[in-house]
Amino acid sequence: MLDALFNGFLTAFEPWNFAMIFVGTFVGLFAGALPGLSSPMAIVVLLPLTFPMAPLPALLVLIGVYVGTKLGGSFSAILLRTPGTPGSACTALDGFPMAQEGKAGHALGYATLGSTTGGIFGWILAIIFIPLLSTVAVKSGPADIALVGIMGLFMVSAFVRGSMMRGLMGVFLGLLISTVGLDKIDGSERLTFGVIDLMSGVPFAAALTGFFGIAVVLSDVKLVGRKEVLVTDNVNLALPSFRECTARWRAILTGSFFGTGIGAIPGVGAEGATWVAYASMRGQSKNPENFGKGEPDGIVAPEATNNATTGGTMVPMLTLGIPGDGSTAVILGAFVLHGIEPGVMLMRTSEDLVFGILAGLLIATILMFLIAWKAIWIFIYMLQQDRSWLFPMVLVLACLGAFATMGSVFPIYVAIILGVVGFLLEKAGFPVVTIVLGIILGPIIEENIRLGLILSGDQWSTFVATWPRLGLVSVIVLLLAWEIYKQLTRAGQAEPPASDKTTIGD
Amino acid sequence: MSKYAYEVLVGCAFVAISIAAYISINTTTGTSFSFNEESSMTSTTFPNFLAIGLGLMGAVFLLGSIRRLYAEGRISASFAKLIGNLWSRQAAITVALVVLLLAYANLIREVNFGVLTFGFLAIGFVLFGERKPLQICLVAAIGAACFYGLFVYVLQLPLNP
C-alpha cells in the first residue's frame, strides 16, 4: 500500500496534476467564501472544462475545489456572520464575536489552523480505512452491493436535513429518473414518453447541472441588491503560534474524529458533524460559558470537523461507490463521465487513480493552508464585491456544460427543467441531494438486484442469506422503524414548515 | 402560512408524477427482447415499485399537508398569499431568468455564439440588479469573449461561430 501511495504522490506532483490541484483549491476557496455559491455548484461548473483532460487531473481539480470550499466558507462566517457553506455555520458562533472584538485576523487564523489539521487527520484516517474496507468490499456479490446502495440511500434520507419522509421521496424520485431510457438487460423502453432523446436516459451531467447549478442560481435571486459589509476593514490573517496550536490539541482531535467518523456516514455531511463536535467541545471545556463569545476552541473544533469530512467522505466513495454528500455525489458523477465505474471494484481496477486522488487530497489541504495564509486578501476583496456579475456567468457555464456532454441542445433543456424542479422542491424542504444520489445509485442498485436474483435462481431470500446481508437489511429496517415511530409520536403536532434558507447540494 | 398551501401543490405534483410514470411503464409498446421472462424481476418491476412507492408517500405527504392547512383554518387566505407571492419582484426575476435560459438554449445553434452570449450576460446582469450600461456592456463583452475562446477553440464544441 505504501508503494501505491508513494506512486500516487509522484503522479500528483507532476506539474500538470499539481497545477490542477492548485487551480481547484483556489476556485474552491473563492466559491466557499462567497455566500450563494456552493461546493457542488462550483464542481458542476468546472466539470465540463475537465472533459478534455485525463481522468486523474480532472478529478484532482474537483477534489481541490471540494477541499478549498470547506475553509472558504469560514471567511464569510467570520467576517459577515453569513456562512459561505452550511458546514461553516457553526464557525460563525465564535468567529464573528471574535471579529467584532477586533480580532478578525486571529479568528481567520484559528479557522485556517482547524481546517488544515482536521484535513490532515481526516486524510490519515482515510488512508488507513480505505484499503481495509476495500479488501472486504471486493469479496461482495451483487446482492451485497445492492443492499449497501439501498442502505446508503436510507441513511441519506434519515440523516439529511428535514424529515426522512421528504428524503425518501427525493430518493424515489431520483431512482425513478434513473430508470428512464432503454433497459440495459432486455432493451425495453421505460418512461421515455415517446421522446427519442430520452432513449439513452436522462443525461446525467445535465441533471447535475440542473440540480446543483441552475437551481442554486434561481435560489440566489433573493440576494439581488444585497450589499455585504464586513465587520472590520482591517483584516490580516494571524496564524496562532506553535505553542497556541499545541494548546488546541483537544479541539483539533475532537473535530477531526467527529469529522471523519460522521463524514463517513452517507448524507450527514459536514453540517451535522460540526454541530456535534461543537457541542462535544463545549461539554469538555472548563469554560463552557465562553462559547458563543469568541472562544478559539469554538472555531478550531468545527473547522477541523469540516475539513476532516473530506477524508471521511472519501471512504464510502472510493470503496463502495456511495457518496457522502452533494459534492462527492458530483465527483462520483465525474468518475462516470470520465469512463470510470465507481464501486467496490474501483480499488482493484484503478488503484493508481485512487491513490493519486488520495495524494491529491493531502496536497490540496496543504495548498489550501498556503493560499489562505499568503493570499487571503483576494478572497476578502471578492467577498465585498457584488455577486450580480457572477450569477449570469454561472448560468452560461451551466448551459454550456450541459451542451458539452452530448453536443446537442437537449441536455440544456433537461438541465433547465431539472433546475426549476430542484429550486421548487428545495423551497418545499426537499433536499435536492437525495434526488441526485438516487440518480447515481439507481442503476447500480437495480442491476445488482437483478444479477443477484439471476445468480441465486430467482430466490429473494438471497438478500438475507449471509450475516453481513442480514446486518444491512436490519439497518434498513431499523431506520424505517425509527422514522415510523417518530411520525407516530409526532402525530397531531404540526410539522414545522420548510425553512427559507437555501442549502442546495450541501 | 402559505408554505402549507405550497406543500399541498408539491404533494399533488408527486402524486401526478407517480401516476404518469405508472401509466407510462405499463402502456409503453417499445421494443423488448423479453429476456428472462420467468424471473420475478423484469425491466418494469423496479420502476413500477418506485412509482407506487412515490405515489403512496406523495399521498401521505399530501394528506398531511392538507391536514395542517385545515388546522390553520385559513385555507383560502393561505392560497391567496401563495398566489400573491407569485407576483413578487423575486418571483418575476426567477421567471425572467428561466425564460432567458430557454431562449438561450433555443437560439444557441441559430445565432452567433458570441453575440448570443453577450446578449444573455447583459440581460442577466440587468436582472441581477446592475444598471450601468457601459459597465454591463464591457463585462458582458469580456465574458462572451472568454466563453467563446474556451468553448469554441479549447473545447471545440459544435457551436455557431
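Because the model is predicted, local features need pLDDT of at least 70 and side-chain atom pairs count only at pLDDT 80 or more, whereas totals for chains, interfaces and linings use all residues. Residues are numbered from 1 along each chain as its sequence is written, chains are lettered from A and ligands numbered from 1 in the order in which they are written, and side-chain values rest on heavy atoms, with hydrogens and water left out.

The model scores ipTM 0.91 and pTM 0.86. Within chain B, confidence is highest in helix α5 (residues 113–127), at a mean of 94, and lowest in helix α3 (residues 75–86), at 74; helices (H or I, at least four residues) and strands (E, at least two) are DSSP runs, numbered from the N terminus. Where pLDDT is low, the predicted coordinates should not be read in detail.

At the interface, 70 residues of chain A are in contact (heavy atoms within 4.5 Å) with 71 residues of chain B. The area buried between the two chains, that is, the accessible area (1.4 Å probe) that two parts lose on being put together, summed over both, is about 6,200 Å², and carbon and sulfur atoms give 77% of this area. On the side of chain A, the residues that lose the most area to chain B are A:F172, A:W389 and A:L400, which together account for 11% of what that side buries.

Between chain A and chain B there are seven residue pairs in polar contact, with both residues at pLDDT 80 or more; a polar contact is a pair of N or O atoms within 3.5 Å, where, within protein, one must be able to donate a hydrogen and the other to accept it, and residues adjacent in sequence count only if both atoms are side-chain atoms. The elements that give two or more residues to the side of chain A that touches chain B include α7 (164–178), α8 (204–219) and α16 (390–406), and α16(A) gives the most, with ten residues. By class, this side of chain A has 47 nonpolar residues (Ala, Val, Leu, Ile, Met, Phe, Trp, Tyr, Cys and Pro), 14 charged residues (Asp, Glu, Lys and Arg) and nine polar residues (the others, Gly among them).

Over all chains, the count comes to eleven salt bridges, a salt bridge being a side-chain nitrogen of Lys or Arg within 4 Å of a carboxyl oxygen of Asp or Glu. One salt bridge is found across the interface of chain A and chain B: A:R166 pairs with B:E7, the closest N and O atoms being 3.1 Å apart. A:R166 is buried (under 20% relative accessible area, whereas exposed means over 50% and partly exposed in between; 1.4 Å probe, protein chains only), with a relative accessible area of 3%, and B:E7 is buried as well, at 1%. B:E7 also forms a salt bridge with B:R68, with the closest N and O atoms 3.5 Å apart. This second pair links distant parts of chain B, since B:R68 lies in helix α2 (residues 45–72) and B:E7 in helix α1, 61 residues apart.

How values were computed. pLDDT = per-residue confidence, 0-100.
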